[in-house]
Amino acid sequence: MPKILYTKTDEAPALATQSFLPIVKAFTKTTGIQVETKDISLAARILAVFPDFLTEDQKVSNDLEELGRAAKNPQANIIKLPNISASIPQLNEVISELQNKGYALPNYPDEPKNDAEKEIKSRYDKIKGSAVNPILREGNSDRRAPKAVKNYAKKNPHTMGAWSADSKTHVATMEHGDFKANEKSITLPHATSIRIELQKTDGTTVVLKEKLALLEGEIIDATIMSKKALLSFLKEQLKDAKEKGVLFSLHMKATMMKVSDPIIFGHAVKTFFADVFAKYDTLLASIGANANDGLENLLNKLKELPEDKRKEIEADIENAIANGPALAMVNSEKGITNLHVPSDVIIDASMPAMIRNSGKMWNAKGELQDTKAVIPDSSYAGIYSATIDFCKKHGAFDPTTMGTVPNVGLMAQKAEEYGSHDKTFEIVGDGVVKVIDINSGKTLIEHTVEKGDIWRMCQVKDAPIQDWVKLAVSRARATNIPAIFWLDQDRAHDIELTKKVNTYLGDHDISGLEIKILSPIEATNYTLKRLIKGEDTISVSGNVLRDYLTDLFPILEVGTSAKMLSIVPLMNGGGLFETGAGGSAPKHVEQFLEEGHLRWDSLGEFMALGVSLEFYGEKNNSPKAQVLADALDIATEKLLDNGKSPSRKVNEIDTRGSHFYLALYWAQALAEQNEDAELKSLFTKVSEALNTNESKIATELINDQGTPKDIGGYYLPDSDLISKAMRPSDTFNGILASI
Ligand SMILES: NC(=O)C1=CN([C@@H]2O[C@H](COP(=O)(O)OP(=O)(O)OC[C@H]3O[C@@H](n4cnc5c(N)ncnc54)[C@H](OP(=O)(O)O)[C@@H]3O)[C@@H](O)[C@H]2O)C=CC1
Ligand SMILES: O=C(O)CCC(=O)C(=O)O
Ligand SMILES: [Mg+2]
């Protein structure tokens, strides 16, 4: 029996699910469509891999593994909500919450002392960071702002901070010694297996990866970030930020690049607090303080020291903050800086937010200030400097007139950096890292390295590239919009990819289409020039740029990436429908717990459900599914037009109210359609009941706001408490139950 698999995740989206899913189930039930939930929350993913530490009734199924298998099934129909990609501080928090709830899980062993601890660490390391998306993404991505969303933004523009030509905001990126500069790439002429080893100058060899099977036509590349070059770059930038009087901010993706980026983040922390680390080096090591986990972790670890010592170090830290360049703040009221938690500032969302805010970030006084955005690796930093330069010249973008930039992104089968963490290493000693073909014994790629350098290898299989080119051509054809491949002829990897793009474009009829290959900086300028004229341009990009561009353009165009339609046509024939393009917005939970108001916008869920139902209808020859999908589309558009999206302020419509209005409009559209008499008659009654009770339900939902909420936990909240909190209208619940 075909099903729609709906994911239960974390934080705000998981709260929203508790209110939205009962509506979905009530509406689909009558048509025989089954909607099944799969729990891929961070807590469930941990419990699933530690059964040996749990009692029988605490054990849970491994839903992520099941979903990963389902994604390869031609029948797959998966709705995927954003989930937490956990940093180490988040991992420690969830473990401690679960332990307090009676789950006898082991601690995360930062520095494992024996084989048992190594094994535990390796289980946790697989859960850490972006551990869900790469497993489900068995296809490339098609993300765009639907017409209704774009039209709504044009009529109801979000605020955009003005830009001035003399803004001191800029991007700082490395000019040598980084991943881009050191990249080497090859395309494999035939399938083989490789071994990765570090041959140290002292004559010993460390095997970094025993064996990795590669397919014919697969592109691999390897590169290093030189520690020395990075440290001198960071030092220079700190000095320059102070001299120029701009905020120092670091923008990384410590979640997705879970091995490399926390190390780079840690170097920034150690460079900023160089005096503190020099003075207390051994002491800090003895309490297990790890700069890679951020300043907050360091401050927490200090609590293990005698009070006078703790105070002394805290004073030195404060002193360093006072004497260093001003730091960009994540929360100025609480004193949380850009260097506190590696997962607080995530580049895909943080850079667009800054650009939308006149290129400014918050300083310690809670005021906006020009910023130095430090993005150490220069592979992709240029797209942000080009956008910033563009804004300095042309002023802020105007949502009422600007065009749109849909994206076709290469990501299938862990393409490009996604998943590269199993092939990323912090080098333990000087020497040479070699990628060796096990069959021929030949060295395919080698790099001379120094202790502390970060070496990383990425792969892209051939079939995903073919699929990506095909998707790009089909989107260009369907929309008649120019499609630009963002590929850099100065990067070894992109040169290999370009050869394939040129070959595979030959497999398609591209007559009459405008298809170009431009470097990321050229592509940015080309796209932005068109954008301000109201012209649309498809960006066809690799995985990292897919991530960056699908927050950048949505945030500028429609105010948030939550409103994106995000489709992943799976290579085996199924469909994965991601909701929005953004994250799990932890700030929203905080507000919900304090004020009982949830501002999560579920538009992404509404649209994902729409395309999922449509896909269900086509796959299973189910006209009823199509009727539901068409009615949902009408309802979503009406919701936008009538301003029934969640407000940011307490005592105004929130996520729950917005779900109610979706249900009301969905029922109305089903009552008004004439394609399915059975659905028409059923939903005429539902629609009448919802209409009659509209103001009563809306009032019940608003009246529930304004007081703190207790949901019994953060990572593993109590499902009864959440359900109670998210479904406070008895009237609405009663009508749903009657369907
Ligand atoms: N696909 C996935 O599974 C993804 C998961 N993540 C994870 O999400 C977490 C937070 O990531 P971060 O990069 O900060 O990105 P977020 O997208 O969560 O946050 C950026 C800001 O965007 C706005 N926003 C995003 N989604 C919505 C929504 N549905 N409704 C209303 N506003 C929204 C909010 O702004 P404001 O509150 O100012 O209105 C929010 O603070 C991390 O754990 C990260 O790993 C991130 C990206 C994708
Ligand atoms: O997997 C993740 O951690 C983030 C994914 C993401 O940001 C995206 O796909 O846009
Ligand atoms: Mg993203």
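Arg-546 lies in helix 20 (residues 543-558); helices here are DSSP runs of H or I with at least four residues, strands are runs of E with at least two, and both are numbered from the N terminus. Do bear in mind that this is a predicted model, in which local features need pLDDT of at least 70, side-chain atom pairs count only at pLDDT 80 or more, and totals for chains, interfaces and linings use all residues. Residues are numbered from 1 along each chain as its sequence is written, while chains are lettered from A and ligands numbered from 1 in the order in which they are written.

**The annotated arginines**

- An unreviewed UniProt entry places the feature "binding site" at Arg-143 and Arg-546; such annotations may be inferred rather than shown by experiment.
- These positions are spread over 404 residues of sequence, yet they cluster in space, with a largest C-alpha distance of 8.9 Å.
- Arg-546 is buried, with 26 other C-beta atoms within 10 Å (buried means 20 or more such atoms, exposed 12 or fewer, partly exposed in between, with C-beta atoms placed from the backbone).
- Arg-143, found in strand 4 (residues 141-144), counts as buried because it has 25 C-beta neighbours inside 10 Å.
- Beyond four places in sequence, the contacts of Arg-143 include Asn-407, Gly-409, Thr-550 and Ala-581 (a contact means C-beta atoms, placed from the backbone, within 7 Å).

**The ligands**

- Around ligand 1 there are 20 residues, of which Ser-85, Ala-562, Gly-582, Gly-583 and Asp-601 come nearest (near means a C-beta atom, placed from the backbone, within 6 Å).
- The shell of ligand 1 has seven nonpolar, ten polar and three charged residues.
- Ligand 2 is surrounded by nine residues in two nonpolar, five polar and two charged positions, among them Ser-85, Asp-348 and Asp-547.
- Ligand 2 lies between domain 1 (3-138 + 570-738) and domain 2 (170-175 + 227-394), because both give residues to its shell.

**The domains**

- Eleven residues of domain 1 are in contact with 14 residues of domain 2.

**Strand 10**

- Four bridges join strand 10 to strand 14 (residues 368-374), and the two run parallel; pairing requires at least two DSSP bridges.
- Leu-250 stands opposite Val-374 in strand 14.

Definitions and conventions:
Ala, Val, Leu, Ile, Met, Phe, Trp, Tyr, Cys and Pro count as nonpolar, Asp, Glu, Lys and Arg as charged, and the others, Gly among them, as polar. Two residues are in contact if their C-beta atoms, placed from the backbone, lie within 7 Å. Domain bounds come from an automatic or database domain assignment.
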